[in-house]
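Please look over the sequence and the model before reading on.

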Amino acid sequence: MYLKQIEQLVVLQKVDDEIVILQDELKRAPLQISELEKRRQEIEESAEIVRDKLKYLTDQQKRLESEIETDSVRLKKSKSKMMMVGNTKEYHAMMREMDNLEKQNRGREEEKITVAEELARQNLELKTIDERSGGLGVELAAARQSLDERIAVAKARLTELEARRAEAGQAVPKPILQRYEFIRSRLKNPVIVPVNAGICSGCHISIPPQSFIELQKGVQILSCPNCQRLIYWSDHIAPEPTPETEETTAE
Ligand SMILES: [Zn+2]
């Protein structure tokens, strides 16, 4: 009778172990999606920064081109005016102005090269970011698609486990089942643990020798005095019990 109860409690524990894993899976699955969404959001933001840079650089490029154009026109005008200049003083003034215009345009040409190089760099960066964003989009779509399936599978399995749970619970007297549920609601899984060589495998603390003797007798279901978990002697239950084979050992 005692062994049968212990064995059913161990079955219950195994079912609950799986339930804990499944519930964790159900909780985590949507988190993976939001994690991916967050990463995509971050990538989108960095793409936006690069696009802003590109816009700024393109504006710079246009400004330089128009300034170069304007000053080129001024230079041409000055050149043709030079022909008509009468005195030396005016001539020198115009020469200085033309020198200045040419110097400024040379500086702008250099700047244009720098801007063009930076534009190429940023375009490459944007391409890399877009590729990453695309890859992440594919990953996200796949994750979303499988999420519903995973949830459905996990929920179906949970229903199955609830049934097995109820079945295992029937073999256990109500007060003990209530104790089991009470511990389950208060302590971290597991609820029922083997005692191996006098040590509770729930809290890894040895139980008093008298309790261990009681436990080995196998008359009533005991709790660990330290962690309050239900305990059984490891020799009473085979390491991997299944309800069918345990049926015979219970007699
Ligand atoms: Zn303990």
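Predicted model: local features only at pLDDT ≥ 70, side-chain atom pairs only at ≥ 80, totals over all residues.

Contact, as the word is used here, means heavy atoms within 4.5 Å.

## Helix α1 against helix α3

Two packed helices are described by the angle between their axes and the distance between the axes. Helix α1, which covers residues 2-82, packs with helix α3, residues 174-186, at an angle of about 30°, and their axes are 12 Å apart. Since angles under 35 degrees count as roughly parallel, α1 and α3 are therefore roughly parallel to each other, and the crossing in which α1 passes α3 is right-handed.

On the α1 side, the residues that meet α3 are Gln 5, Leu 9, Leu 12, Gln 13, Asp 16 and Ile 19, and their partners in α3 are Ile 176, Leu 177, Tyr 180 and Arg 184. Sorted by class, the residues of this contact of α1 with α3 comprise six nonpolar, two polar and two charged.

## Helix α1 against helix α2

Helix α1 also packs with helix α2, residues 88-170, here at an angle of about 165° and with the axes 5 Å apart. Angles over 145 degrees count as roughly antiparallel, and α1 and α2 are therefore roughly antiparallel to each other. The two helices α1 and α2 cross in a left-handed sense, and their contact holds 38 nonpolar, 16 polar and 34 charged residues.

Because Cys 200 belongs to strand β2 (residues 199-200), whereas Cys 227 sits in the loop between β3 (222-223) and β4 (230-233), the pair ties together parts that are 27 residues apart in sequence.

## Two points in the backbone

The peptide bond from Asn 189 to Pro 190 is cis, its omega being near 0°, and Pro 190 is placed in the loop between α3 and β1 (192-196).

Ala 197, found in the loop between β1 and β2, has a positive phi of about 50°, although this residue is not a glycine.

Definitions and conventions. Residues numbered from 1 in each chain as written. Heavy atoms only, no water. Axes fitted to C-alpha atoms, helices over the stretch in contact; angles between N-to-C directions. Helix = DSSP H or I, 4+ residues; strand = E, 2+ residues; numbered from the N terminus. Parallel < 35°, antiparallel > 145°, perpendicular 65-115°, else oblique. Left-handed = near helix turned anticlockwise from the far one by under 90°. Nonpolar A, V, L, I, M, F, W, Y, C, P; charged D, E, K, R; others polar.
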